[in-house]
Amino acid sequence: MKLTVIGNSGPYPKANGACSGYLIEDGDTKVLLDCGNGVLSILQDICDVRKLDAIILSHLHSDHISDILVLKYALGINKKEGYLPISLYTPQDDMDMVERFNYNDAFNIIPIDDNKSIKIDNLNISFQKMIHPVDTYAIKIDNDISTFVYSGDTSYNEELIEFAKLADMFLCESSILERDMKEDIPHLSPKEAGEIGKKASVKRLILTHFWPEYNLQDIIDEARYNFDGILEISEVRKTYGI
């Protein structure tokens, strides 16, 4: 498997960047995790969007889903005879939003919850509900050779530690530096991401979902306080082997 970072900012992109979007590939299989603002433009440099096998949305906040509302036109307007809708897996806690996703049957919309597991070609995919103001899910993907876990957006919780246990790659949000953290902020700091990675004994920790005004060195330095394994800052357009 491999991961390509399409966007890594939140809640808005920095100049020439994009919000959350991550492409997982295993052979010819392509699964997009989240599709925030700016993702569609960059994604088209990397792959034909019509070749996506599935899209999975971790939750329904705009910095993770807004380009779905544009992608539906790219797919729906260009439909050809024999076209099969792309499977779009999504939480269902805001049905008004979910109903806005489709245009001309571009997507086959499928609900997710933490009891659901799916298989896409050789990929086994499962979910764990996280702590956030809306229904949010961490996502685990394995191909019987390696395991990838994506935190989504969440506050610190023990379930994420267990869910990420022994992952070959853990892609974890690191939104708010400890100096700016308040009790009512439902996100992880880089320090907390490092602690989760250490407790879960992950082999490789990739930090993502950055406040666009931050110095990235401050983020990695804070995570290093708790995590002494392979630690990297996600980079837009960069591909990582899992």
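**View 1. Secondary structure and overall dimensions of the protein chain.** The protein chain contains 7 helices and 14 strands; helices (H or I, at least four residues) and strands (E, at least two) are DSSP runs numbered from the N terminus. The model is predicted: local features require pLDDT of at least 70 and side-chain atom pairs pLDDT 80 or more, whereas totals for chains, interfaces and linings use all residues. Residues are numbered from 1 along each chain as its sequence is written, and side-chain values use heavy atoms, with hydrogens and water left out. Along the principal axes, the C-alpha atoms fill a box of roughly 55 × 35 × 30 Å. Buried residues (under 20% relative accessible area, 1.4 Å probe, protein chains only) account for 55% of the 242 residues.

**View 2. The open sheet of 7 strands.** The strand order is β7-β8-β9-β10-β11-β12-β13, with mixed pairing; two strands pair if DSSP finds at least two bridges between them. The edge strands, β7 (117-120) and β13 (230-233), each pair on one side only. Neighbouring strands of this sheet are turned by 20° against each other on average, direction ignored (axes are lines fitted to C-alpha atoms, for helices over the stretch in contact; angles run from 0 to 180 degrees between N-to-C directions).

View 3. Strands β9 (residues 137-142) and β10 (residues 147-150) run antiparallel and are joined by 4 bridges. Ile141 stands opposite Phe148 in β10. Helix α6 (residues 190-199) packs on the sheet and touches β11 (169-173) and β12 (204-208), contact meaning heavy atoms within 4.5 Å. The direction of α6 makes about 155° with that of β11. Helix α7 (residues 216-224) also packs on the sheet, touching β12 and β13, and its direction makes about 160° with that of β13.

**View 4. Surroundings of Ser174.** Ser174 lies in the loop between β11 and α6. Ser174 is buried, with a relative accessible area of 0%. A polar atom of its side chain lies 3.4 Å from the backbone oxygen of Cys172. Not counting residues up to four places away in sequence, Ser174 touches Leu188, Ser189, Pro190, Ala193, Leu207, Thr208, His209, Phe210 and Ile219.

Methods: Buried means under 20% relative accessible area, exposed over 50%, partly exposed in between (1.4 Å probe, protein chains only). A polar contact is a pair of N or O atoms within 3.5 Å; within protein, one must be able to donate a hydrogen and the other to accept it, and residues adjacent in sequence count only if both atoms are side-chain atoms.
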